[in-house]
Amino acid sequence: SVLVSSGAGDGDFSSGDVILSTSNDDRISGSIFLQTTTPSKTFDGVGGDISLATGSGGSLSMSAERSLTSEGGHAIVAAGSSSGNNMDGGEVTISSGSSTTGAGGSARLDAGTSESGSGGTLYLSGGSSIHGDGGDMMTTSGSSTTGSGGNVALLSGSGELSGGSMSIESGSSGNTGGSLNLLAGKNVGEKSTGSGGSVTVRSGSSTKSESGELVMESGAGSSSGLVTVGTGTSTDGTSGVISFSTGHASHGSSGSMILSVGSSAAAGKGGSLEMSAGDTSVSSSSSTSPYMFDRRRNRAPGGSVNVSSGSSFEGPGGEMSLSSGSGSTFGGSMNVMGGKGNGAKGGSVLVSSGAGDGDFSSGDVILSTSNDDRISGSIFLQTTTPSKTFDGVGGDISLATGSGGSLSMSAERSLTSEGGHAIVAAGSSSGNNMDGGEVTISSGSSTTGAGGSARLD
């Protein structure tokens with residue numbers, strides 16, 4: 001062995017230094033090599049190790065010197081490659097020091113700064129492969145037995161003109177592109193009542209201009225991919241809520257919300273827009289659902305769909321418009337239907353205007369066809385006759401005003417054709433010994449005044 005050792009110090013004095021240095025040349029300094037050799041007579045020989053280790057508490061510093069006229073010196077830490085059969089390349093491990101009672105040491109990888117140019121770039125990448133899989137890259141924070149796990153922060157730099165951008169992109173492929181998964185932590189405690197971790201995606205704020213946009217969209221393709229927003233299932237309680245809302249405005253108008261499906265430029269039809277509340281399958285009397293309001297039937301209600309326009313303190317409330325699309329052959333239809341009753345009465349359809357405040361009347365309810373240039377459409381109010389029974393009875397139609405209100409039924413005057421007809425006809429009957437329906441026209445009675453007149457002109 002070869003031992004190079006400095007002299008021991010006496011008392012509080014340190015031991016002597018060991019210095020390996022090239023000569024201070026005027027132009028180009030020589031190099032220093034520390035290397036072990038590989039045995040030359042055997043194919044399976046192993047080269048010796050090089051170990052750089054300080055004494056207890058000592059620091060280890062490796063740095064390339066600053067240059068005044070040329071590029072700064074490079075610092076390269078590279079593990080050895082291997083050409084052996086099924087032999088892995090060497091690993092590179094950089095770890096900070098641990099501590100028994102204090103905090104563990106930090107580990108930093110910093111790219112170089114610059115006064116007038118761009119700062120240096122920091123690359124972290126897994127190794128590539130020709131025939132196998134590419135190497136993985138893992139960034140994990142430290143775990144804790146009794147405290148909180150460490151945080152992972154990815155931050156781009158700030159700037160006077162604009163902040164730095166951040167891109168997280170999975171790899172492309174000639175077969176299937178790589179997936180990108182953002183997952184919050186699970187709560188795996190058997191007796192813990194805490195929740196799982198949250199995921200927050202938020203655009204940047206601004207003090208004097210617009211905040212940044214937030215865009216979620218699938219990539220383009222021969223058929224574009226799905227975008228799915230859903231809450232998780234629940235094994236014991238209520239499943240999660242999905243909330244879409246625009247921000248409040250202190251001085252201007254609040255933001256609008258637009259739900260629209262894409263158009264089709266070819267022979268395909270436009271996409272549909274479907275909104276449906278949740279079904280319920282609760283039917284057993286042993287269920288512990290909080291919605292068991294009807295204990296005789298043990299039925300819980302399906303979810304509701306509520307669509308409402310905004311209210312206003314000083315101006316009119318917001319309008320609500322439901323319209324189907326136009327078409328070259330005929331316009332789209334609009335259907336408003338109550339739900340079918342399975343072994344029970346079908347759902348009702350209620351159209352009601354808004355209540356008035358104080359001395360103001362309630363709002364009007366208007367059923368009108370479109371103001372067409374030539375021929376107006378018809379309005380039909382009709383009930384149906386049950387189709388599966390011969391003795392079924394059709395539903396009634398009742399037109400009734402509130403107390404003191406008038407009822408007017410008239411055909412409009414025509415300028416170029418005959419006046420419209422007004423027909424009041426009771427129903428006929430083909431049943432055995434069944435009378436036809438009656439027509440009754442009666443004026444109103446009065447307790448203290450004269451009864452109303454009935455006129456047929």
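Q: What share of the 457 residues in the protein chain is buried?
A: Buried residues come to 1% of the 457, where buried means under 20% relative accessible area, exposed over 50% and partly exposed in between, with a 1.4 Å probe and protein chains only. This is a predicted model, where local features need pLDDT of at least 70, side-chain atom pairs count only at pLDDT 80 or more, and totals for chains, interfaces and linings use all residues. Residues are numbered from 1 along each chain as its sequence is written, and side-chain values use heavy atoms, leaving out hydrogens and water.

Q: OK, how many helices and strands does the protein chain have?
A: Zero helices and zero strands, counting DSSP runs of H or I with at least four residues, or of E with at least two, numbered from the N terminus. The radius of gyration is 42 Å, well over the 23 Å from the globule rule for 457 residues, so the chain is more spread out than a compact globule. That radius is taken over C-alpha atoms, and the rule is 2.2 Å times the number of residues to the power 0.38.

Q: And what does the C-alpha trace span along its principal axes?
A: About 135 × 60 × 50 Å.

Q: Switching to side chains, how many salt bridges are there?
A: Two, each needing a side-chain nitrogen of Lys or Arg within 4 Å of a carboxyl oxygen of Asp or Glu. Asp 110 pairs with Arg 108 at 2.8 Å between the closest N and O atoms, and Asp 457 pairs with Arg 455 at 3.2 Å, N to O.

Q: Is Asp 457 buried or exposed?
A: Exposed, at 88% relative accessible area.
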